[in-house]
Amino acid sequence: MGSREEIFEKLRANTAATYDYPDLGPLESEALTYSDRAAAFCESLTEAGGRAVTAPAGTASEDLAAFVAQTLSVEYPGVRSVVTAPGVDLSGLLPEEVKLSAVGDFQSPEALDGSDVAVVRARFGVAENGAVWIDDFGKYRALLFIAEALVIVLDRNEIVDNMHQAYVRNELQAPRSFGTFISGPSKTADIEQALVFGAHGARSVTVVLV
């Protein structure tokens with residue numbers, strides 16, 4: 001039994017009363033919906049401090065890597081190291097001076113420190129708040145938080161309206177070791193009521209809609 005299961009077992013054993021799960025039907029019926037989810041997603045992401053870049057309609061899968069490489073050159077012209085997750089192959093598409101690595105090349109999560117940009121794929125996005133769901137990174141999940149910038153590839157057809165819809169997606173129901181929502185760069189407003197970006201994670205986030 002892992003530590004999480006052990007904690008849950010102790011909570012169950014010391015719970016004096018249980019209550020039925022509340023009916024969320026009224027909330028779900030009043031949740032935000034959009035006629036153009038992709039456009040709403042881009043607007044929400046911008047408000048969260050991120051940036052959305054849309055690939056031309058009909059971009060073939062073999063051209064996607066080239067478009068991502070072009071986005072890197074435009075958004076992060078001074079980049080020196082790029083780490084890619086499975087499903088994104090930028091081999092031969094970046095300048096020679098840029099160090100390109102695959103996440104599996106690293107022996108430990110600590111070795112990911114110093115990564116300028118991480119290029120990853122999201123399972124789906126949420127139009128309501130510009131968030132994306134990313135999972136299945138295993139021991140390399142630190143990449144999502146230790147890289148200076150994130151470039152996230154998202155299928156524009158995999159965007160739901162709101163978080164109610166997000167939480168019934170199969171990706172959140174299936175057992176997995178890791179999963180997280182990311183909406184824009186990391187930020188905090190705890191210090192002197194001033195909004196600071198890049199406080200405890202990526203300083204910038206660019207989502208490439210394909």
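User: How many bridges join strand 1 to strand 12, and do the strands run parallel or antiparallel?

Analyst: This is a predicted model, in which local features need pLDDT of at least 70 and side-chain atom pairs count only at pLDDT 80 or more, while totals for chains, interfaces and linings use all residues. Residues are numbered from 1 along each chain as its sequence is written, and side-chain values use heavy atoms, with hydrogens and water left out. Helices (H or I, at least four residues) and strands (E, at least two) are DSSP runs, numbered from the N terminus; two strands pair if DSSP finds at least two bridges between them. Here, strand 1 (residues 51–54) and strand 12 run parallel and are joined by four bridges. Within this pairing, R51 has T206 of strand 12 as its bridge partner.

User: Which bridge partner does V151 have in strand 12?

Analyst: The partner of V151 is T206. Strand 7 (residues 149–154) runs parallel to strand 12, and six bridges join the two.

User: Why is strand 12 described as largely enclosed?

Analyst: Burial is read from relative accessible area: buried means under 20%, exposed over 50%, and partly exposed in between (1.4 Å probe, protein chains only). Strand 12 covers residues 204–209, and five of its six residues are buried, so the rest of the structure largely encloses it.

User: Which residues of helix 3 are buried, and what covers them?

Analyst: In helix 3 (residues 37–47), the buried residues are A38, A40, F41, C42, S44 and L45. Contact means heavy atoms within 4.5 Å. The cover over these buried residues includes strand 1, strand 5 (124–126), strand 6 (131–135), strand 7, strand 8 (159–160) and strand 12.

User: What is found at the start of helix 3, and what follows the helix?

Analyst: At its start, a side-chain oxygen of D36 comes to within 3.3 Å of the backbone nitrogen of A38. After helix 3 comes G49, with a positive phi near 100 degrees.

User: How many salt bridges does a search of the whole structure find?

Analyst: A salt bridge is a side-chain nitrogen of Lys or Arg within 4 Å of a carboxyl oxygen of Asp or Glu. The search finds eight. One of them joins E9 to R12, with the closest N and O atoms 3.2 Å apart. These two residues are three apart in helix 1 (residues 3–13), a separation of about one helical turn. E9 is partly exposed at 41% relative accessible area, whereas R12 is exposed at 55%.

User: Which parts of the chain does the salt bridge between R123 and D135 tie together?

Analyst: The closest N and O atoms of R123 and D135 are 2.8 Å apart. R123 lies in the loop between strand 4 (117–121) and strand 5, and D135 lies in strand 6, so the pair ties together parts that are 12 residues apart in sequence. R123 is partly exposed, at 40% relative accessible area, while D135 is buried, at 5%.

User: In the salt bridge of E158 and R169, is R169 buried or exposed?

Analyst: R169 is buried, with a relative accessible area of 18%, and E158 is partly exposed at 27%. Their side chains meet at 2.8 Å, N to O.

User: Where does UniProt place the feature "domain: LUD"?

Analyst: UniProt positions are given in the numbering used here, feature names are shortened, and annotations may be inferred rather than shown by experiment. The unreviewed UniProt entry places this feature at residues 113–210. In the model, that span is 12% helix and 36% strand, and its end C-alpha atoms lie 29 Å apart.

Notes:
A polar contact is a pair of N or O atoms within 3.5 Å; within protein, one must be able to donate a hydrogen and the other to accept it, and residues adjacent in sequence count only if both atoms are side-chain atoms.
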